[in-house]
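Please look at the fold shown here before reading on. The report then takes it piece by piece.

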Amino acid sequence: MQKYVATVGGGVASLRLTEAKAAKVGPGEVRVQVEAVSLNRRDLMILEGGYPVAPGDFVPVSDGAGIVTEVGPGVTWKVGDRVVASFFPDWHFGDPRSDTTARSLGTGSLGMLASEVVLPANGLVRAPTHLSAEQAATLPCAGVTAWHALFEVGALKRDGWVLLQGTGGVSIFGLQLARAAGYRAVITSSSDEKLARARSLGASATVNYRTSEDWADDVATLTGGVDRVIEVGGSGTLEGSVRAARPGARIAIIGGLTGFEGGVSALDLIFRSLHLDGILIGSRSMLEDLSRFLEATGIEPVVDQVFPFARAADAFRTFGENEHFGKIVVTLNPGKP
């Protein structure tokens with residue numbers, strides 16, 4: 001089998017394709033032939049040394065989809081089943097705990113950027129039947145994070161406003177899920193072209209933060225104050241998210257594209273009864289709920305570009321340019337571009 005190995009902090013240049021002996025399948029495990037993986041900001045941050053993981057070599061990428069080719073004792077999956085791997089193989093349901101989130105894919109030897117992987121059977125979910133492998137591979141991190149932020153941290157009234165920042169994987173998933181659930185979405189970007197694409201997906205309002213004098217004030221004016229924020233920017237955008245929110249709103253903090261340091265006024269949070277929710281991806285049950293919702297609504301994840309397995313480094317470089325709309329995917333399927 002083939003797998004990519006990289007060095008934490010070594011950058012994209014440390015990615016190297018290697019030949020490896022196939023691992024044995026033990027009790028409670030399955031072998032999965034990987035068909036596609038999708039990239040997330042965390043994957044690039046680990047490569048660049050900006051994410052808190054153990055140093056050394058590792059197999060990159062957390063998100064992947066494939067076909068079961070071998071099952072160990074005590075497993076109910078069947079050879080030929082199409083599956084998606086949960087980000088945290090040990091977090092099945094309920095609140096996160098230190099023991100259930102200790103292992104995650106895309107660190108150490110548990111990476112999906114390989115021709116095949118051996119994984120715990122109870123960390124897998126059946127792939128939605130209407131999705132290709134390339135589309136299904138986008139679900140475990142970006143899809144589940146958006147689902148968690150919208151549906152797992154407090155109810156949102158129908159027609160409520162959701163603020164989405166940028167047009168990366170989580171934000172575009174958030175847009176699609178919000179519209180399907182009957183919410184209104186306002187999305188920000190520095191690109192008018194991307195904002196036009198967001199409107200074609202159902203965004204009710206858009207703001208170009210590069211040309212706006214104050215994007216947060218513009219969002220508040222357009223919406224009367226948003227009910228939910230999927231906060232991906234971190235320290236550079238959190239204060240604006242607070243100003244764009246209505247009293248009583250919830251701000252789901254899922255990332256730090258502009259950094260993780262900094263803060264907001266405690267008085268703003270208190271006097272406006274705002275809620276800050278930290279979102280740590282999500283559990284297997286959330287992935288199951290997301291998959292059922294996608295099947296019921298027919299939503300197809302937005303895949304911007306697909307790279308062949310041999311060009312995985314190019315996929316990472318393109319991802320790092322931050323010009324994509326939706327997801328960037330690496331395919332292992334023969335005949336894919």
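## Basis

This is a predicted model, in which local features need pLDDT of at least 70 and side-chain atom pairs count only at pLDDT 80 or more, while totals for chains, interfaces and linings use all residues. Residues are numbered from 1 along each chain as its sequence is written, and side-chain values use heavy atoms, leaving out hydrogens and water. Helices (H or I, at least four residues) and strands (E, at least two) are DSSP runs, numbered from the N terminus.

Two strands pair if DSSP finds at least two bridges between them. Val-162 has Arg-228 in β12 as its bridge partner.

Axes are lines fitted to C-alpha atoms, for helices over the stretch in contact, and angles run from 0 to 180 degrees between N-to-C directions.

β3 is mostly covered: eight of its 10 residues are buried. Buried means under 20% relative accessible area (1.4 Å probe, protein chains only), exposed means over 50%, and partly exposed lies in between.

| Partner of β3 | Bridges | Direction |
|---|---|---|
| β7 (residues 116-120) | five bridges | antiparallel |
| β5 (residues 63-71) | eight bridges | antiparallel |
| β16 (residues 327-331) | three bridges | antiparallel |

Arg-31 has Val-118 as its bridge partner in β7 and Glu-70 in β5. Val-37 has Val-330 as its bridge partner in β16.

An open sheet of three strands runs β2-β1-β4, with antiparallel pairing. Its edge strands are β2 (16-19) and β4 (57-58). Two bridges join β1 (residues 2-7) to β4. Thr-7 stands opposite Asp-57 in β4.

Helix α1 (residues 41-48) is mostly covered, with six of its eight residues buried. Among them are Arg-42 and Asp-43. Their cover includes β1, β3 (29-38), β4 and α10 (312-320). Just after α1, Gly-49 takes a positive phi of about 80 degrees.

## Where α3 meets α9

How do the axes of α3 and α9 cross, and within what distance do they come? The axes of α3 (residues 139-151) and α9 (residues 284-297) come within 9 Å and cross at roughly 85 degrees. The helices are therefore roughly perpendicular (65 to 115 degrees; under 35 is roughly parallel, over 145 roughly antiparallel, the rest oblique). The contact (heavy atoms within 4.5 Å) includes Trp-147 of α3 and Phe-293 of α9. Its residues divide into nine nonpolar, three polar and one charged.

Ser-291 sits in α9. At 5% relative accessibility, Ser-291 is buried. A polar atom of the Ser-291 side chain lies 2.9 Å from the backbone oxygen of Leu-287. Beyond residues up to four places away in sequence, Ser-291 touches Val-125, Arg-126, Pro-128 and Leu-139.

How values were computed: Ala, Val, Leu, Ile, Met, Phe, Trp, Tyr, Cys and Pro count as nonpolar, Asp, Glu, Lys and Arg as charged, and the others, Gly among them, as polar. A polar contact is a pair of N or O atoms within 3.5 Å; within protein, one must be able to donate a hydrogen and the other to accept it, and residues adjacent in sequence count only if both atoms are side-chain atoms.
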